[in-house]
Each structure stands twice: as C-alpha cells, then as structure tokens.
Amino acid sequence: MAEVLITTFKPVLGRAHPIEQITLLPSGNGRFEVTIDDELVYSKAATGEHTTNEYIIQKARVRLLK
C-alpha cells in the first residue's frame, strides 16, 4: 500500500513529494491503519470492512488537497 501511494502521488517538477510520511500500522486480526503525515486516512478497525487500494488513494487525495 505504501508503495502504491508513493508512486501514485509523485512530486511535481521542482517540488518535494506531496507525502512527507506514510505509516501503515497492522493491529492484528487483519486490521490496519493508514496515516499520511500523521493524519489518519483509513482504519479497518474503525470501519470493520476491508477496502481497496483505490479507496485509500481517494482518501489520500482528499487529505492532500487540504
């Protein structure tokens, strides 16, 4: 997932990568959380549902446009 986010969101010419830090936190029983720059983007523990890479990419887009 981290690699997918890094390659999806590439730096704009002459600028740093738009994501400074990605953290994937496994929490047991197949649950995990994704944070970007210390902000929670997705939590399987909170939703109770498995998701797709595309869903997390969309949530990351929303986060990066703030």
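Let's start inside: the largest nonpolar core has 10 residues, namely Leu 5, Phe 9, Ile 19, Val 34, Ile 36, Val 41, Tyr 42, Ile 56, Ile 57 and Ala 60. By nonpolar core we mean a set of buried Ala, Val, Leu, Ile, Met, Phe, Trp, Tyr and Cys residues joined through side-chain atoms within 4.5 Å. At least two residues of this core come from each of strand 2 (32–36), strand 3 (39–43) and helix 3, and helix 3 gives the most, with 3 residues. Helices (H or I, at least four residues) and strands (E, at least two) are DSSP runs, numbered from the N terminus.

A word on ground rules. This is a predicted model, where local features need pLDDT of at least 70 and side-chain atom pairs count only at pLDDT 80 or more, while totals for chains, interfaces and linings use all residues. Residues are numbered from 1 along each chain as its sequence is written, and side-chain values use heavy atoms, with hydrogens and water left out.

Now look at Ala 60: not counting residues up to four places away in sequence, Ala 60 touches Leu 5, Phe 9, Ile 36 and Val 41. Contact here means heavy atoms within 4.5 Å.

Next comes Thr 51, in the loop between helix 2 (44–47) and helix 3 (53–64). Thr 51 counts as buried because its relative accessibility is 15%; the cut-offs are under 20% relative accessible area for buried, over 50% for exposed, and partly exposed in between (1.4 Å probe, protein chains only). Leaving aside neighbours within four places in sequence, Thr 51 is in contact with Phe 32, Tyr 42 and Ile 56.

Finally, Glu 54 sits in helix 3 and is exposed, at 57% relative accessible area.
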